[in-house]
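Please look over the sequence and the model below before reading on.

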Amino acid sequence: MKYISILIITMLLVSCNVTETINLNSDGSGNIEIYFRRDENSIDKLGRPTNKKEEFKDTTSVFRDYIKKYQDNFVQYNESDQESLLKHADVKMYLKMDPAKPENFNVTSYDFKKAEEIPDVLESFTLSKSLKEKTPLVKQFFKIKYSFDGSTFKREVVVVDQMKHDRFKKEFENRRRAFTNPNLAQSYILRYNFPRKIKSISNHNAIISSDKKAITLEFKFSDCLQDPTITNLEVVLE
């Protein structure tokens, strides 16, 4: 069952388009939004799971509502897990799932006063599901950290669970031919907007806007999962 769950998660992650948008203000405050759209054609190409029936959903929520609604579950987690959940308290979540179309996407967003306090919003939906179902918290094998000191913005990814990372890489190797199909939708796009012009950027594949205040950087999602550190970024402003 552990093997099957890893396989299904991997299929879902490499069959989607994700856009991470950050709007950064001069005082260090701003907003982050993760838009995650699953590509149904890609799911069919890889082999759609048949043991799970999907239902229509169109919901908007704030993570703290889950903590309040499932307080009895929340208090049963250890202190460390409770702290992890509370970091997501102000994350807004929107989910749209329509099997009839078919259509499946979600949006998570967070308003921050400083970049260093941004939670790992990629985890918000899975954490809310763990809380609701009173199951062990499902966390990623990597952590994303952001920072901004007024002139330099950094996005740093650190692998925190090497064993889980190795399982992902093994599954990719077992199904490399399927996952490297050029017809699969599997993009991860960074779109960052800054308060001043960009002086330098660490990744030279980034496309800088005409006013030099925004960047767009695209990766293949399966590459990000095999080595999430490729998305590390440093942007120096004028």
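Just after helix 6, in this predicted model, Lys 134 takes a positive phi of about 55 degrees, although Lys 134 is not a glycine. Most residues other than glycine have a negative phi. Lys 134 is found in the loop between helix 6 and strand 6, and Lys 212, whose phi is also positive and near 60 degrees, has its place in the loop between strand 10 (207-208) and strand 11 (214-220). Both residues are set out in the table.

| Residue | Phi | Relative accessible area |
|---|---|---|
| Lys 134 | about 55 degrees | 47%, partly exposed |
| Lys 212 | near 60 degrees | 45%, partly exposed |

Which residues of helix 6 are buried? In helix 6, which runs over residues 124-133, the buried residues are Ser 124, Leu 127, Ser 128, Ser 130 and Leu 131. They cover an arc of only 160 degrees around the axis, and therefore they lie on the same side of helix 6. An α-helix has 3.6 residues a turn, so residues three or four places apart point the same way. The cover over the buried residues of helix 6 includes helix 3 (63-69), helix 4 (71-74) and helix 5 (79-86), together with strand 4 (92-98) and strand 5 (103-112).

Of the contacts in the chain with a separation of 6 or more, 67% are between residues 24 or more positions apart.

In soluble globular proteins, nonpolar side chains tend to be buried together. Here the largest nonpolar core has 49 residues, and those with the most contacts inside this core are Tyr 146, Phe 153, Tyr 192 and Phe 194. If the neighbours within four places in sequence are left aside, Phe 194 is in contact with Leu 24, Phe 153, Lys 213, Ile 215, Val 235 and Leu 237.

Rolling a probe the size of a water molecule over the atoms shows where empty space is left. The structure holds one cavity of 30 Å³ or more, and the volume of the largest cavity is about 90 Å³. Strand 6, strand 7 (152-159) and helix 9 (221-226) each supply at least two residues of its lining, and helix 9 gives the most, with three residues. The residues that line this cavity include Leu 122, Phe 142, Arg 155, Tyr 188 and Thr 231; by class, the lining divides into nine nonpolar residues, one polar and one charged.

Strand 6 (residues 142-148) contributes the largest share of the pocket lining, with four residues. The lining of the second largest pocket has eight charged residues, six nonpolar and two polar.

Technical notes
Residues are numbered from 1 along each chain as its sequence is written. This is a predicted model: local features need pLDDT of at least 70, side-chain atom pairs count only at pLDDT 80 or more; totals for chains, interfaces and linings use all residues. Side-chain values use heavy atoms; hydrogens and water are left out. Ala, Val, Leu, Ile, Met, Phe, Trp, Tyr, Cys and Pro count as nonpolar, Asp, Glu, Lys and Arg as charged, and the others, Gly among them, as polar. Buried means under 20% relative accessible area, exposed over 50%, partly exposed in between (1.4 Å probe, protein chains only). The arc is that of the directions from the helix axis to the C-beta atoms. Contact means heavy atoms within 4.5 Å. A nonpolar core is a set of buried Ala, Val, Leu, Ile, Met, Phe, Trp, Tyr and Cys residues joined through side-chain atoms within 4.5 Å. On a 1 Å grid over the protein atoms alone, a cavity is a set of points where a 1.4 Å probe fits but cannot get out, and a pocket is an open set with protein on both sides within 12 Å along at least five of seven lines; lining residues have an atom within 4 Å of a point. Grid points are joined across faces, edges and corners, and a volume is the space filled by probe spheres set on the points.
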